[in-house]
Amino acid sequence: MAEHNRILFLQGPPSVFWPELADAFQAQGTEVFKINFSPADSLFWRRSGAYAYRGSFGSWKTYLRAFLTRHHITHILYYADQLIYHCIAGQLAREMGLQAIAVENGYLRPDWITLERNGMGVYSHFPNDPSVIRAIAARATAPDLQVRYPYSFFAEAVAEVTFHLSNVFLRPLYPFFNSDKYYHPLIDYLSWGTRSWRQWRARPRTQTTLAQIQSGDWPFFLLALQLQSDYQIRRNSHYQHLSKMLEEVISSFAQQASTEMRLVIKQHPHDNGMENWLAIITSIAQRHKVDDRVILIDGGNVEDILPKASGCVLVNSTVGLFSIRALCPTKVLGIAVFDIAGLTHQGSLDEFWTSPEPVDPVLARQLIWAMASTIQVKGSFYDPMGRKAAQAEIVHRLQNDLINAPGAFITPPPRLEKARNTGVPLGE
């Protein structure tokens, strides 16, 4: 029951979503607590009564364990489950029999939010057995897949920049905060000048390639690049740098794909330009003598490209769900919640170029229904109505013990064994 729940909020998304969610819980009689461990946490919380943790990261686990015990916490909520502070919180929750709940951008983007118990990616308990997914979908109602809560990229970008730069310029308030960022925020944002220049230079090549794709001039596979700074790369794959993935994919493509096939590599739209992907890709392709068949593009809509592709390769990007929904054969190289027999290629990368396993259209629909009814919440972090809708549903699911329910909490996490076998770094 709600009156027995005591919820600890850790770091939230860069919006007013977190304090509004706390208000929604309090309105239902649930006691809420908050620990801030960065200036941005304080700035975006906008409520009184938060506890400030200003100790070292090395002391965080001891502090948090004592806090959880002293305040009789039943649930821990956090955004971005692979933030190092949240990894510790998840470990403690498992040890102490509490519920750790990860809140993130939705798998079914754009206006969905992920709500998963005990974590995402490697630690997701969402089933990977097609028969279980079919059973969950059979009990579910049709999800609302219309975009209801649109928001501008500008609104998201301003919030993100404010969040991360406040941690830079207000650092004396939390001098020991460990942001665990791949790039320093100042360098990250200043590098966008380089990105814009490279994008401008690449525009003719991109436009020509997109025109050839739409006209069907040649067959091609799509490789969707992610951000080098993405936690999904560092925590849910065995690649510490995407250049290693590019070497593996281009080498396999050169050896196995037919000579008329092209490999179109699409740069992530939010790439900051710190990595010179054109130089890296050109060097690898030249070494494997396929530089005339490997093309980097910086632009275009992935939903327009996928229906034309012979297949899509990715580490674990949510582009994979767009690919599955487009019935485009998909190869996942890392750990992804949608990497499921019948939906993605389960054979080797070498086999994918000549014999890609098709997508089962019925199972694809059932996956969306199963996800929407168990680990996805319709809503938005930025649109006011979207926040209100998501917050009401999150409160409802937590108070009624419906997170990952019904049937979508498989123990142990079904992707953990694959992660161990493929060399994914684990914090167990």
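Me: How many salt bridges does the count come to?
Reply: This is a predicted model, where local features need pLDDT of at least 70, side-chain atom pairs count only at pLDDT 80 or more, and totals for chains, interfaces and linings use all residues. Residues are numbered from 1 along each chain as its sequence is written, and side-chain values use heavy atoms, with hydrogens and water left out. A salt bridge is a side-chain nitrogen of Lys or Arg within 4 Å of a carboxyl oxygen of Asp or Glu. By this rule the count is 13.

Me: Which parts does the salt bridge of R47 with D23 tie together?
Reply: The closest N and O atoms of R47 and D23 are 2.9 Å apart. The partners are 24 residues apart in sequence, so the pair ties together the loop between α2 and β3 (51–52), where R47 lies, and, on the D23 side, helix α1. Helices (H or I, at least four residues) and strands (E, at least two) are DSSP runs, numbered from the N terminus.

Me: D298 forms a salt bridge with R195; is R195 buried or exposed?
Reply: The N to O distance in this pair is 2.6 Å. D298 sits in the loop between β9 (294–297) and α12 (302–305), and R195 in helix α8 (residues 192–215), 103 residues apart. Buried means under 20% relative accessible area, exposed over 50%, partly exposed in between (1.4 Å probe, protein chains only). R195 has a relative accessible area of 3%, so R195 is buried.

Me: Which helix supplies the largest share of the lining of the largest cavity?
Reply: A cavity is a set of points on a 1 Å grid over the protein atoms alone where a 1.4 Å probe fits but cannot get out; lining residues have an atom within 4 Å of a point. The search finds 1 cavity of 30 Å³ or more, and about 60 Å³ of space lies in the largest cavity. Both α1 (17–27) and α2 (39–45) supply at least two lining residues. The largest share, 4 residues, comes from α2.

Me: What accessible area does the nonpolar patch with L186 have together?
Reply: Patch residues have over 30% relative accessible area and no salt bridge, and nonpolar side chains (Val, Leu, Ile, Met, Phe, Trp, Tyr) are joined within 5 Å. L186, in helix α7 (residues 185–190), is partly exposed at 34%. Areas come from the Shrake-Rupley method with a 1.4 Å probe; for residues, only the protein chains shown count as cover. F169, L170, L173, L186 and L190 together have about 510 Å².

Key: Patches are made of residues with over 30% relative accessible area and no salt bridge: like charges are joined within 9 Å, nonpolar side chains (Val, Leu, Ile, Met, Phe, Trp, Tyr) within 5 Å. On a 1 Å grid over the protein atoms alone, a cavity is a set of points where a 1.4 Å probe fits but cannot get out, and a pocket is an open set with protein on both sides within 12 Å along at least five of seven lines; lining residues have an atom within 4 Å of a point. Grid points are joined across faces, edges and corners, and a volume is the space filled by probe spheres set on the points.
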